[in-house]
Amino acid sequence: MQVLWSSFQYGFFQRALLAGLGVGLACALLGVFLVLRKDAMIGHGLAHISFAGVAVGLFFGWLPLFSALGLTVVTAGILVKIRQRAGVYGDTAIALVSSFGFALGILLVSMSEGLNVNLFAYLFGDILTISTLEVEISLILAAVVVLVIIFSFRDFLFATFDPEAAQVAGIPEKRVEFLLTILAGVTVVLGMKVVGLLLVVALMVIPAASALRVARNFRQALLLAVVFSLSEIMVGLCLSFLLDIPASAGIVLLGFTVYLVVLFSGIRWPRRI
Amino acid sequence: MPSAAVDKGRLDVPLIEVKGVYYSYNHLEVLTDVHLNVYSGDFLALIGPNGAGKTTLIKIILKLLKPKRGEIRLFQQKLKDFKDWSLIGYIPQKATHFDPLFPVSVREVVAMNLPQARWYDFWTKKMKEEDVIQALKVVGMENYIDERIGYLSGGQQQRVFIARALVSQPKVLILDEPTTGVDALTQEKFYDLLAKLNKEKGLAIILVTHEIGIINRHINRVACINRRLVYHGSHAEFCQSDFFRQMLAEGHHMIWHKH
């Protein structure tokens with residue numbers, strides 16, 4: 001316990017916790033909408049684009065967070081257009097875009113020397129080495145994502161629950177899809193230092209999936225997703241410090257364990273609360 | 001009977017005007033030169049066989065599909081200029097339009113359709129309480145306000161969707177085969193409720209249906225679509241018409257009827 005308490009005194013641990021909680025909040029809120037729209041894998045697809053973005057940044061000596069953010073957000077917009085205009089199935093569009101991103105990343109890595117070591121931090125996550133600048137950017141972006149969700153709350157909920165009726169009520173489904181996909185792009189980039197690009201989808205999907213099994217209404221679903229996400233990140237970080245295991249693996253495995261407990265216990269939010 | 005002939009002599013302004021609408025999916029024309037007016041107080045049954053274009057026509061009126069030719073006017077405004085969608089309540093087909101596992105309460109479903117609802121209205125229990133409860137009382141579902149929508153029966157769910165449409169104070173309700181998969185008794189109660197809304201609140205109702213028998217006593221106008229408008233008239237005329245007799249003879253199967 002003494003060791004755990006002392007960990008909170010370290011600057012790197014405080015930075016990791018702060019960034020992790022900010023990212024966890026954005027991922028949890030967005031994840032509930034994406035899971036309910038049956039679009040959970042969009043995070044995984046966009047993560048592959050972020051990989052190319054990171055490679056571009058490292059190749060040209062830019063901050064990878066910025067290059068990944070730029071490329072991912074632009075590609076997220078293109079992905080929506082491909083889905084809406086070309087009449088391609090949603091998962092096919094994700095496969096197209098993600099394979100393009102990964103191929104581009106591999107090409108850039110192969111053209112440069114010494115990139116591989118740096119890339120590993122983004123692929124598998126390395127939150128304990130996060131810099132103050134990265135924490136600040138992460139918190140600002142997380143705040144933007146949360147604010148957009150708050151101010152578009154009715155539109156997102158209505159268009160997710162009943163797109164046709166929402167359209168009739170004057171809420172354009174295409175605009176909602178576009179906004180949510182862009183937000184997913186931003187959130188993927190936020191999560192890449194926390195759990196890595198290969199696991200970032202877990203931050204969006206696992207807390208949301210657990211919450212959706214317990215909640216009786218949408219308010220509870222959002223609240224529970226945030227509680228699951230933040231507690232999994234906090235406990236996962238502590239476990240990684242105590243047991244000397246990678247933080248990304250700790251957070252995701254803990255999240256998956258919580259999901260299994262929720263699934264098999266059949267626990268539900270009590271009525272009339 | 002073309003729409004213009006049916007409406008001849010009416011002085012009031014139609015709430016919905018469909019003028020010479022054409023629509024085709026790829027190269028298959030599903031609507032040809034359809035004219036139809038809907039007035040305040042109408043209870044219009046839109047009938048026709050499967051694939052006749054009923055749902056397509058509804059979706060064109062609701063701006064969900066764009067007609068190839070023709071014009072729609074809602075409340076005397078061209079469709080592209082029409083902004084006040086709260087005047088139109090829409091209840092989609094029951095069986096297909098929502099995920100029963102979606103964790104959303106009756107209260108949240110109804111509040112979704114309040115244009116003025118903000119995020120904090122969903123976050124407190126007092127969420128636009130009066131508007132929501134009032135709409136639920138009309139359909140007799142106020143005791144289920146905190147129930148998850150997926151746990152309700154099909155008939156109860158449809159009542160909640162009517163409450164959702166009513167909460168924005170519409171002047172027209174459009175329902176697309178709302179009772180598919182619902183038992184006969186529940187259907188009858190459901191249509192009684194629609195008749196009450198039509199008579200007491202003066203709501204114009206457009207009902208896409210196959211169940212012409214069960215709604216017979218409530219409707220006052222009938223339009224039959226089979227790619228074009230093959231019959232349009234008052235309910236009384238409809239019951240006297242050869243068209244109706246032919247329908248009965250065919251066991252309610254709709255037929256192609258050229259003018």
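Select Arg83(A) to begin: this residue is buried, with a relative accessible area of 13%, where buried means under 20%, exposed over 50% and partly exposed in between (1.4 Å probe, protein chains only). The model is a predicted one, in which local features need pLDDT of at least 70 and side-chain atom pairs count only at pLDDT 80 or more, while totals for chains, interfaces and linings use all residues. Residues are numbered from 1 along each chain as its sequence is written, chains are lettered from A and ligands numbered from 1 in the order in which they are written, and side-chain values use heavy atoms, with hydrogens and water left out.

Helices (H or I, at least four residues) and strands (E, at least two) are DSSP runs, numbered from the N terminus. Glu177(A) counts as buried, at 14% relative accessibility.

Asp39(A) forms a salt bridge with Arg83(A), and the closest N and O atoms are 2.8 Å apart. This pair also links distant parts of the chain: Asp39(A) is in the loop between helix 2 and helix 3 of chain A, Arg83(A) is in helix 4 (residues 64–86) of chain A, and 44 residues separate them. Both Asp39(A) and Arg83(A) are buried.

Now move to Arg37(A), in the loop between helix 2 (11–36) and helix 3 (42–60) of chain A. Arg37(A) is buried, with a relative accessible area of 19%. Leaving aside neighbours within four places in sequence, Arg37(A) is in contact (heavy atoms within 4.5 Å) with Ala159(A), Thr160(A), Glu173(A), Val176(A), Glu177(A) and Leu180(A).

**Across to chain B**

Select Lys38(A) and Asp99(B). Their side chains meet in a salt bridge (3.6 Å, N to O). Asp99(B) lies in the loop between strand 6 (88–91) and helix 3 (106–111) of chain B and Lys38(A) in the loop between helix 2 and helix 3 of chain A, so the pair joins two chains. Is each partner buried or exposed? Lys38(A) counts as exposed at 65% relative accessibility, and Asp99(B) is partly exposed at 23%.

Arg164(B) and Asp162(A) are the next selection; their side chains meet in a salt bridge (2.8 Å, N to O).

Widen the view to the interface, where 29 residues of chain A are in contact with 32 residues of chain B. The area buried between the chains is about 2800 Å², of which carbon and sulfur atoms give 64%; buried area is the accessible area (1.4 Å probe) that two parts lose on being put together, summed over both. In chain A, Arg154(A), Phe161(A) and Val168(A) lose the most area to chain B, together 27% of what that side buries.

**A nonpolar patch on the surface**

Select Leu147(A), Phe151(A), Leu223(A), Val227(A), Trp119(B), Tyr120(B) and Trp123(B), which form a nonpolar patch with about 720 Å² of accessible area together. Patches are made of residues with over 30% relative accessible area and no salt bridge, like charges being joined within 9 Å and nonpolar side chains (Val, Leu, Ile, Met, Phe, Trp, Tyr) within 5 Å. Accessible areas come from the Shrake-Rupley method with a 1.4 Å probe, and for residues only the protein chains shown count as cover. Helix 4 of chain B supplies the largest share, three residues. Trp123(B) lies in that helix and is partly exposed, with a relative accessible area of 33%.

**Strand 1 of chain B**

Finish with strand 1 (residues 16–25) of chain B, in which eight of ten residues are buried. Strand 1 and strand 2 (residues 28–38) of chain B pair in the antiparallel sense over seven bridges, pairing being assigned if DSSP finds at least two bridges between two strands. Ile16(B) stands opposite Val38(B) in strand 2 of chain B.

Conventions. Salt bridge = Lys/Arg side-chain N within 4 Å of Asp/Glu carboxyl O.
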